[in-house]
Amino acid sequence: VSSQLAQCARPRTSKRHRRGNDPHCQPSLPAAMGESSRSGKFRKMSGGEPLSESLLAPTSASLEHAEYSASVSVNGGPVCEARLNASGISFSTYSLASDDISGIVDAGKNSLQVCSYVFQRTGCCGTRRRAARFYRLVFAGSDKEAEEAKGVWTSRWKELWGRAWLRKVLVIINPVGGVGKASAIYDKTAAPVFQQAGLDTRVVRTERGGQAGELAEAADLGDVHAVVVVGGDGTLVEVVNGLLRRPDADAARRLPLAQIPAGTGNGFVASLLCRE
C-alpha cells in the first residue's frame, strides 16, 4: 500500500523519515517506488509527470486533525511520547510518514510493531531504494492503560491513513514470465508487505499462455478491492483485456489495478515511475 501494496498505493508527497536522529535502524531491504520529501517539507516526484493523487481513499474530515498520543518504549529505548495522526507517526526526535509505513501489527502483550520502508541512497551513484525499518513499540503504564492505548492505535491507523476500504486483494502471478522469478519476487518482496498491511490475499498462478486474462474474466470480484498482477507487460495486458471482457466490465474497470514488475523489460512500470 504503498510501496506499500506494491503499487496499489500510488506515490504521493509525504514527509521523509528523519534518519539522522533515528538510533533504531534495522538492516536494509531493497524495494521499489515512490518519493518522500526531506526535512518535513513536501515535493513532487522527480522525473516524468508527478502523480498528484493517491489511490488510497482520502482521510475523512473528522479524522484529518485527530491525533492519538501514548507513552512508549521504541525498540527497547527509553520511554518517549509517540503521536499517531493522519500524517504518520512521530516520536520525540524523528517521525515516519504514513506513505512509508506498510502497516502496524500485533507484537505481543502491550506492544505493536510498526513496519516501514523509507528511502535511502545506496551505491556510488546514489541509487534510491527503500530500506526496511521496524519499530517495536511497548506501551508504558499499567496493563490496563497499555492495552487501551494499544487498542486505540490498532483500530485507528487504517482509518487515519485512508486504508480501511482496502481489505481483500486478488493476486495473479505469471511464474514463467521474464526470467521465471515472478513467484520468488512476490513471496519475498510483496507478500510480507501485504501481510503487514493486514490484507486478505487470494493468489492464483497461471499455468499456460493467455490464462491470466481468463482468470481475470472469470474471477469472482464481488468482495475484491484491488487486483495485483505479478509479471511483465504481456501479463498485465492479458489481465486488462480479461477485465474488459467481463459482463460487469464497467464495475471491474473501476477496481484499482497494480503491477509488481517481474517481466523482461517491464516497460509499463518504467514509464509510470520514470526517474531522472
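Does N75, at 26% relative accessibility, count as buried, partly exposed or exposed? The first legend gives the answer; every view shows a predicted model.

**View 1. N75 lies in the loop between β1 and β2.** This loop joins strand β1 (67–74) and strand β2 (79–85). N75 counts as partly exposed, because its relative accessibility is 26% and that class lies between the limits of 20% for buried and 50% for exposed. The phi angle of N75 is positive, about 50°, although N75 is not a glycine. Most residues other than glycine have a negative phi.

**View 2. N110 lies in the loop between β5 and β6.** N110 is not a glycine either, and its phi is positive at about 55°. With a relative accessibility of 8%, N110 counts as buried, since the limit for that class is under 20%.

**View 3. Strands β5 and β6 form a hairpin.** Strand β5 covers residues 101–106 and runs antiparallel to β6, with five bridges joining the two. One of the paired positions is I101, whose bridge partner in β6 is S116. Four residues lie between the strands of this hairpin, and G108 takes a positive phi near 110° there.

**View 4. Strands β6 and β7 form a hairpin.** Strand β7 spans residues 127–139 and pairs with β6 in the antiparallel sense over 12 bridges. S111 has V138 of β7 as its bridge partner. This hairpin also has four residues between its strands, and G123 has a positive phi near 75°.

**View 5. Strand β6 is largely enclosed by the rest of the structure.** The strand runs from residue 111 to residue 122.

Technical notes
Residues are numbered from 1 along each chain as its sequence is written. This is a predicted model: local features need pLDDT of at least 70, side-chain atom pairs count only at pLDDT 80 or more; totals for chains, interfaces and linings use all residues. Side-chain values use heavy atoms; hydrogens and water are left out. Buried means under 20% relative accessible area, exposed over 50%, partly exposed in between (1.4 Å probe, protein chains only). Two strands pair if DSSP finds at least two bridges between them.
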